[in-house]
Structures are given as C-alpha cells and as structure tokens.
Amino acid sequence: MSVMERITPRRLPLPRWLTRAPLAVTLAAGFMVLMLFVMVFARVIQPYAFDYIDLMNRMAPPVPLEGSTWLHPTGTDTLGRDLFSRLLVGTQTSMLLALLGTCLGAVLGVTLGFVAAHKGRLWDEAIMALVDFQAAMPWFIIALAVLAFLGNSMVIFIAIMALYGWETYARITRGLVLSAREQGYALAVRGLGARPRWVYLRHILPNISGPLLVQLTVNFPATILFETSLSFLGLGIRPPMTSLGQMLGEGRDYLINAWWLAVVPGMTIFFITLSMSILGDWLRSKLDPSLED
Amino acid sequence: MRWTLIKTIRAALTLLLVVSFVFFVLRLSGDPTYMLLPDDIDEATRDFYRSKWGLDAPLFEQYRSYLVALLHGDFGISFRNNLDAFDLVWDRVPKTALLMGTSLLIALAMGIPLGIIAALYRDSWLDRGVMTVSVFGFSMPNFFLGILLILVFSLNLRVLPSSGSDTWWHLIMPAATLGISYAAQFARYTRSSMIDVLSKPYMRTARSKGAAPARRVNLHALPNAAIPVVTILGFKVGEMLGGAVVVETVFAWPGIGRLLTSAVATRDLAVVQCIMILLAITMIAANTLTDLLYGWLDPRVRVGAKAGAR
C-alpha cells in the first residue's frame, strides 16, 4: 500500500456536498427525487389506469396478506381500482398542486415585497397592510367555505393555494431588499447608472435567494398539508380525480376491513413532508450558519 | 396607550375586511334559492323566498343591512332548520373550546420542557433525540395521526372510543392528535429561543456573579426566552382552529369544526358566515392580545413603535 493511498481515503465519485451530508438528508433527498420522478412519469409507469375498475378483485389486500392477488400486488380499493396506480396518480396530483401553489405564492410574495421596498411610502403601507390582513385571516377555513360555495374548479383551487403563504415571502423579501439596497455592491451598480429593475433582478435577487429558498422548503410541506387536508374533507380534489388526501379520505371509511387504503397514502404524505422538513433544516444550516440550531 | 389604540384600530379594520370578504365571496357564489329549493319550483315561490331572505335587494343594500344586522348581533337564520344561526353555533362553542384548550395544554406541557432540556443539553444525544421526535411530530398530518390512533387504540386494542364526546375518554385521542404536532413545534421554538438567550452577554454576567445554575436558568434565561415563544403561541391559535376542523371531523367531535363541515356540505349560508366571522374574531383577538402582551413583556417594542418604526 502506497503512502498516497493511505492519506487520501477512497471516495465514491459523488459531489462533495452530497457525500458530506448526513444520512438522513441523503435519504430525504433521494425520496424527494423519487417523488419528483413520480410527479412527471406517473401516467407512464402506472400498471393500470388509475380509474380502471376491476370488480372481480375488490378490496384485495397487498400481497403478503391473506386473500391478496398477484394481479394487484399492492391491493385494490372498494371498486377494485389498483392501489399502486392510484397512489402514483394521487402523488402526481398532490405534488403538482403543492409545487404550483408554492411557486405561485413565492412569485407573488417576492414581487410584492420588491414593490413595497422600491416604491416605499403609500405602496409600502398598502402592501404591508395586505400582508397583515392575510396573516390575520383563518385562511384554511375561508378556503373551505370558498371551495364549497364556488364549486369544484381547478383554477379557484390553485388560486387559493397560491394565496396561502405569500405574505411570508413578501415580508421576508421587503426586509432583505431594504437592507441589501444599502450595501456596497448595490450602491456601486446603481452608481454606474443601472436601472432599478436591473439592480433588483440581477444583483439583489441572487444575493437574497438563500433565505427565500429556505422559506420555499418551509412552505412546500405546509402547502401539501393544506391541499391534502381540504381534499381529505371532500373539498379540493374530488372524484373522479384523485390526490393523496382524497385517497385517505376515501380509505377512512374502510379502516375496519381495509386499513391499507388509508395507511398507504397517509404514509406517503408523511414521508413527503418529513423529507422536505429534513432538507429544509439542512439547507438552512448550510446557507445561514448564524442560524445553526 | 397610543400604541394600544393603534393596535385595536388595526384589529377592527382587519375584522371589517374579513366580514366584507366573507359577504362578497359567499354572495357571489350564486343564488342560494337554486341550491336550497327544488329545481322544478315555479318562479313566484322562488321570488317569495328571495324577498324573505332579503336576496332581492341590490348587492350594496344587502351588504349594508348585513353589516347593520351584524352590529346588532344578528347573524341570520339557518336556511336548513330555521333556527338562529348564532344559537346553533354558540351551542357548539364549549366543545371546541374544551378540545382546543386541552390540546394547547398538551402542546405547552410537552413542548416547552422538552425544548428547554434540548437547549440546556445542546448537541447531546438528548437534544438530538428530542429534535428527531419533533421533526416527526410536526411532519405528521393531523388527519393521518388521528386515523392511526383510531386504528391502534379503537380497532385493535379496543381501549378508546373512536367518535363522539360523551365521556372524558372521548377527549383523549382528539386532543392528543391536535396537541402533538404543536408540542413538536413549541419544542423547536423554545429550543432555538433558549439557545439564543443562553449565548447572550447577560448570561455570562450572571455566571460571573456566581449565580447558581438553576437561578440563571429560571430567572435570567427563561423570561427572555419566553418572549418569542409567546408571540408564536398567539399566531398558532388561528392555525389550530383550522386543525380543529379536521380533527373534529375525524373523531366526530360535535364542535364548531364539525358543524362547519356539515353546514358547508348543505350550503347553509348563514351558519357558515357566522362560524367564519366568529373564528375570525377569535383569531384577530388572539393576534392582537399577543401583540399587546409582546409589548408588555418587551418594552423595546413599544418604544420602537413610538419612534415611528414599523
């Protein structure tokens, strides 16, 4: 054994930041990559159509259990629809909605935060009053009523999800922009004659993206819980479409004879929120060492 | 004093906004006579009900009379069973208050001591254990936790009832479901707040004066660490109301939340409106009280407000 070999430990050809991450973070990242894959390819990899009804094999349990069938290794629901296919499509719906809701909310909040910081005075007052207003509303309950009365429209549902949590982004952005604007680099670029939009988008935004990214990871699990809770209550995503919350709400009625119908989608939601929380915590400690706790 | 006044005016304004928002969204959702009366009814009967419920007036006129009625404490009549909407809702308040109160007690009694212990033994196995459990706790959706508890304790072990509110036994699972995720959150907030305080110069001063460890923690660290935790507590009440709706539905707990889900399903406008306004009042009151309490605990906030800073 040569000396060199003893000094340099053998590494897998992985990026350094990944090999240094704790095991839990690696697992969480892996799971989220898997969920993103499902989000994109759910309809391609599903063994059956998610709404295909197989009445001969209703309420089949997953395979190791008594009475299961190899036609549906992960079991079927009360109408004989394949649980695995439904899980894939349900995950796709929940992930897509949460991603869309989080991103729209972030764009809205960040934009308003920039406007408040840039325009100042009346604009600032108005936007911050709106922020306070949004924060003081029982949004989940309002969403519940709005969905019940305005009906089953995807556009309204997405709008409600986008309005959930935008105020935090606005508050954070406004504060960050106000302090970033007075820093040397921003003053320098402005002194060189750059227009405000250029300074904000090309110089300040990249510099404040860290805390915003952390907020994104906090907001994502909250949004997924928001969607699944509403769908669980029978609002939000409704049959024939499915989401993880809708599956759980349906499965809840069959706890006595088919517990897996509720437990499998429930565990999926739990693992998604858990993974995002772990990733968010890790990201926070990486991006902002002063917050290390 | 001026600061208190500003806060109160702001709260009243927010309430007015919520009340208006509720009115317009629910009114714009369509003519209630189409939801409540059979489709094949003749137009004259429909008109009779429209004028009976005051739906034939111009929208602004409806809005004005709605506000006046609210000021008189009149929340309208339930379309479903012709009872006063407010009475219907008020009957359910004790049940929800009991559930929320117990959950909050569980959350505080578990979360705060755990957070303090984790902060005092920072980076030990104890700290890591508490933090791991806490991540699991707040990642768990409350409706799923409720279902798991029913599966284990009602269906398998058969030791606790899965629905209703007849005995104290019925309270255990709903309160635990709602309380646990907040216990996890409070543990985290308490821990980071304590860690922050423990590194402050005045803690070093206290140690160099020779104050005993227990005295340093109880008299120097805890009151200061309590400030951010109190703030968060107030804001969590609103979130908890939303959680209560879900948990009450899972456990068939006859509170406001369950009334809301059934009123929403039957499109009982007056009841939904009444619940939303009462919940908004609760939430705004909680937030305002928190603000005031915060100012009282931490005089710097009041001074800052006077100086004109936000």
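Biologist: Which helix of chain A holds Val131(A)?

Modeller: This is a predicted model, by the way. If you find Val131(A) in it, you land in helix H5.

Biologist: Is Val131(A) buried or exposed?

Modeller: Its relative accessible area is 0%. Buried means under 20%, so Val131(A) counts as buried.

Biologist: Leaving aside neighbours within four places in sequence, which residues is Val131(A) in contact with?

Modeller: Let's look across to helix H8, residues 166-181 of chain A. The C-alpha atoms of Val131(A) and Thr168(A) are 8.0 Å apart, although 37 residues separate them along the chain. With those close sequence neighbours left out, the contacts of Val131(A) are Trp166(A), Glu167(A), Ala170(A) and Arg171(A).

Biologist: How far apart are the end C-alpha atoms of helix H8 of chain A?

Modeller: Helix H8 has 16 residues, and at 1.5 Å a residue they should span 22 Å. The model agrees with that, because the end C-alpha atoms are apart by 22 Å.

Biologist: What arc do the buried residues of H8(A) cover around the axis?

Modeller: The buried ones include Trp166(A), Tyr169(A), Thr173(A), Val177(A) and Arg181(A). They sit on the same side of H8(A), because the arc is only 165 degrees.

Definitions and conventions. Residues numbered from 1 in each chain as written. Chains lettered and ligands numbered in written order. Predicted model: local features only at pLDDT ≥ 70, side-chain atom pairs only at ≥ 80, totals over all residues. Heavy atoms only, no water. Helix = DSSP H or I, 4+ residues; strand = E, 2+ residues; numbered from the N terminus. Expected span 1.5 Å × (residues − 1). Buried < 20%, exposed > 50% of the residue type's maximum accessible area, 1.4 Å probe, protein only. Arc of directions from axis to C-beta. Contact = heavy atoms within 4.5 Å.
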